[in-house]
Amino acid sequence: MLPARTLRQETLLVLALSLGASAVSALISFVGSLTASGALADQAARLNTSRAPDRPWLDLAWQVFGIATALVPVALVAHLLTRESRWHLSGRQGQGGGLRSIGFDRTRPGFDLGRGAVLAAAIGGSGLALYLAAVQAGFNLTVVPESLPHVWWRIPVLIASAVQNAVVEEVIVVGYLLRRLGQLDFSPWAALAVSSVLRGSYHLYQGIGGLLGNMAMGVVFVLLYRRWGRVGPLVVAHALIDIVAFAGYALFAGKVDWLPTP
């Protein structure tokens, strides 16, 4: 088995290249929002923004580039888990090498899709209610899920972005991180706390509602991962939640009174 020091360094590097860096960025962004003039609800947290609105072909190239490069840390995790299997390490969740060891494969598509859809329906509705309440209470920025030009690739890019978010977050913050923390002798509750706090922290740019809501989601996802032994359903659920959020905003922003817009 690899030494604990090596596992710690590896884990910190993976996080520094991915969602750990996002957490620091979110904290800086939130401090900037707190110190800006005006209430949080009057400020906007913008996702899926245009890089070249006057040149759709160039904008599309930037969007595809951003989605592809965001998945590089997942490829790194797959490499590290494959290396682990070659060292004959025994993990606490799943069987096999690579991403299969955390249940991200095609061996149980029906299970992943079915459980993921039910979980998305349960989490999505409560998450929307919490967001609306947080904005109304002044604890959250107004989240703008997309501001892409109205071109043919708008919805496909939003769907791809949602899937990318789901894969990166669930593979790294649940499957990989819990595995490494277990190997580093973290207690189950301590590992759950680290995973859920990390998930909430990189959503802090949205405000306190984004922090707390995603921490709660993180707790649920960790418990279900331990029950199911697979991140597959979590990826499906997360992707569906984000697809509805991104595409729903694109379709209904400015057309319904209850959806906050800048």
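**Figure 1. The buried pair D105 and R230.** D105 and R230 are both buried, where buried means under 20% relative accessible area, exposed over 50% and partly exposed in between, with a 1.4 Å probe and protein chains only. The two residues form a salt bridge whose closest N and O atoms are 2.7 Å apart; a salt bridge is a side-chain nitrogen of Lys or Arg within 4 Å of a carboxyl oxygen of Asp or Glu. D105 lies in the loop between α4 and α5 and R230 in the loop between α8 and α9, so the pair ties together parts that are 125 residues apart in sequence. Helices here are DSSP runs of H or I with at least four residues, numbered from the N terminus, and strands are E runs of at least two. The model is predicted: local features need pLDDT of at least 70 and side-chain atom pairs count only at pLDDT 80 or more, whereas totals for chains, interfaces and linings use all residues. Residues are numbered from 1 along each chain as its sequence is written, and side-chain values use heavy atoms, with hydrogens and water left out.

**Figure 2. The salt bridge between R199 and E170.** The closest N and O atoms of R199 and E170 are 2.8 Å apart in this salt bridge. Because R199 belongs to helix α7 and E170 to helix α6, the pair ties together parts that are 29 residues apart in sequence. Both R199 and E170 are buried.

Figure 3. E10 forms a salt bridge with R83, with 2.4 Å between the closest N and O atoms. This pair links distant parts of the chain, since E10 is in helix α1 and R83 in helix α4, 73 residues apart. E10 counts as buried at 8% relative accessibility, whereas R83, at 23%, counts as partly exposed. Salt bridges that share partners join E10, R83, E84, R179 and R180 into one network. The count of salt bridges by this rule comes to 11. Side chains of opposite charge can pair when their charged atoms come close.

**Figure 4. The largest nonpolar core.** This core has 42 residues, and those with the most contacts inside it are V77, L99 and L234. A nonpolar core is a set of buried Ala, Val, Leu, Ile, Met, Phe, Trp, Tyr and Cys residues joined through side-chain atoms within 4.5 Å. Two or more residues come from each of α1 (4-16), α2 (19-35), α4 (72-86), α5 (109-137), α6 (154-183), α7 (188-201), α8 (208-228) and α9 (232-252). The greatest contribution is that of α6, with 11 residues. L99 touches V74, V77, A78, L81, F104 and V171, residues up to four places away in sequence not being counted; contact means heavy atoms within 4.5 Å. A second, separate core has 20 residues, including L47, I67, V143 and A162. In soluble globular proteins, nonpolar side chains tend to be buried together.

**Figure 5. The second largest pocket.** About 200 Å³ of space lies in this pocket. On a 1 Å grid over the protein atoms alone, a pocket is an open set of points where a 1.4 Å probe fits, with protein on both sides within 12 Å along at least five of seven lines, and lining residues have an atom within 4 Å of a point. Grid points are joined across faces, edges and corners, and the volume is the space filled by probe spheres set on the points. The lining consists of R8, T11, L12, L15, G20, L177, L181, L184, F186, V194, V197 and L198. Helices α1, α6 and α7 each supply at least two lining residues, and α1 gives the most, with four. The lining divides into nine nonpolar residues, two polar and one charged. In this division Ala, Val, Leu, Ile, Met, Phe, Trp, Tyr, Cys and Pro count as nonpolar, Asp, Glu, Lys and Arg as charged, and the others, Gly among them, as polar.

Figure 6. N165 is located in helix α6 and is buried, with a relative accessible area of 19%. Not counting residues up to four places away in sequence, N165 touches H238, D242 and F246. I208 lies in helix α8 and is partly exposed, with a relative accessible area of 30%. The C-alpha atoms of I208 and A193, 15 residues apart along the chain, are separated by 17 Å.
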